[in-house]
Amino acid sequence: MYFFYRSVKEPGYASNLTERLSFYKKKFKGACWCHAVSLGEFRAARPIFKKLLLNGEKLLITTLTLSGKSAAQQEYREEIMEGKVLVVYAPLEITLMFKRFLKNFKPRCCIILECDLWPVMIMTTQKEQIPLIFAQAQYPEKGFIRDKKFPFLKASLIEKFDLILSKSERHKKRFEYFGAKKVLIMGDTRFEQEVPTDQINAALKLKKIAFNKYFTICFASIGKQEFEIISEIIGDLHKKHKDIFFILVPRHPNDFSKYKILFEGSSIKVKPRSKMVEISTNFKICNEEKFKDLDNFSLLWGDSLGELNFYMAMSDLVFMGDSLNNEGSHNIIEPFALQKPVIVGPSIWGIEYPALEALDVGILKKISGQNELSSALVSAYYDKKRLNFDESHIKDIKKFYKSNQGASDSFMDQMVNNNFLELNNN
């Protein structure tokens, strides 16, 4: 019923419903089964998938969301045609369906990514004696405190894993608290993701054309309950500082057209990204001339998907959203990859690693709420030369970013060392 409900707004959810009922057109036996629940988990796991494919493994990728499945099919369309990858929906959380799923595919191992733990999936897979690996695993403090009230429930799942590869030492200790068999640290493959150079190059050209005289602030991945706060801050800053340009990027597509109304009737002139050039822009041949009239506006509204790096690369400072509304924040690794100063709100439970480590070395600023965010942005405005051209600050970001790389190598080493895979030297 849930998927039928979702299909009202997103028709794609009604397609391939038979897969959710564990009826599949292909067998595809003996693959490494990797479960990435949605788009974010899939994108983060691409370095792992690359390592597995280079080792000659077949990949069975399951997701729960339409966006995750579509992205995976697009990314690996050639490998799918060659019979190296199959992308399907995971079945519903019903024992009979998972038994049929496992009988159909007979995977050599099950690799669950990030934090998506489904009891029937785990229990059924373990009973079938298929090795269970929890990779790039995180255990946020918020969930840990909750689960400690009923420890036997979480332990019944954690104990089933043959190997847990956690993001950090903090996460490792929490898994061990619930009786994990073996926990090792692998880090986060988001530090290895390729930066879209086409977007970056186009953004740098545009910055010279339209934003050369502005201090540009990007409010990235802004979530519900944050728009009104951010619009008030933008309004106050705009009244006092006409040489600040704002970029606001909603996190969810459903919000692309919903919250622009907050700026109607104000002195802030908004230019939607969709009104500038076609959404499916090829950044290799992007004509920056079409962006020139941004000089007549105060705010660029980022109503496009997959272009967050483009928006952040144009900016002098990034505030990462979903951190003022108790949603745990969007990840901060992307702006660090671009060597941008980053500010987050008080809610960072979803990015505990690497946020706490970044705070420790002084490359991340965390604020307590709206008033402190306003002050931090004003301070950055007056101190923009130090923030943007302080070589030691940029050096610290580079050092931090580089020191956290290597997660996919660690993953493969541990999979081989623990006899879940054999290393193909070819």
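Predicted model: local features only at pLDDT ≥ 70, side-chain atom pairs only at ≥ 80, totals over all residues.

Biologist: What makes Tyr 24 and Phe 101 an aromatic pair, and which kind of pair is it?

Modeller: Their centres are 5.7 Å apart, and the limit is within 6.5 Å.

Biologist: Why is the pair said to tie together parts of the chain?

Modeller: Tyr 24 lies in the loop between α2 (17–20) and β1 (32–35), whereas Phe 101 belongs to helix α7 (residues 95–105), so the pair joins parts that are 77 residues apart in sequence. Tyr 24 and Phe 101 are both buried.

Biologist: What makes Arg 20 a charge that sits over the ring of Tyr 89?

Modeller: The charged end of Arg 20 is 3.7 Å from the ring centre of Tyr 89, and the distance must be within 6 Å. Likewise, Lys 154 lies over the face of Tyr 139, at 5.3 Å from the ring centre. Tyr 139 also belongs to a cluster linked by ring pairs, whose members include Phe 134, Phe 144 and Phe 161.

Biologist: Why is Phe 152 called exposed?

Modeller: The relative accessibility of Phe 152 is 56%, and exposed means over 50%, so Phe 152 counts as exposed. Phe 152 lies in helix α10 (residues 151–158). With Phe 150 and Leu 153, Phe 152 forms a nonpolar surface patch of about 350 Å² of accessible area together.

Note on methods: Residues numbered from 1 in each chain as written. Heavy atoms only, no water. Patch = residues over 30% accessible without salt bridge, like charges linked within 9 Å, V, L, I, M, F, W, Y side chains within 5 Å. Areas by Shrake-Rupley, 256 points an atom, 1.4 Å probe, with all protein chains shown as cover. Salt bridge = Lys/Arg side-chain N within 4 Å of Asp/Glu carboxyl O. Helix = DSSP H or I, 4+ residues; strand = E, 2+ residues; numbered from the N terminus. Buried < 20%, exposed > 50% of the residue type's maximum accessible area, 1.4 Å probe, protein only. Phe/Tyr/Trp six-rings, centres within 6.5 Å; stacked < 30°, edge-to-face > 60°. Lys NZ or Arg CZ within 6 Å of the ring centre and 35° of its normal.
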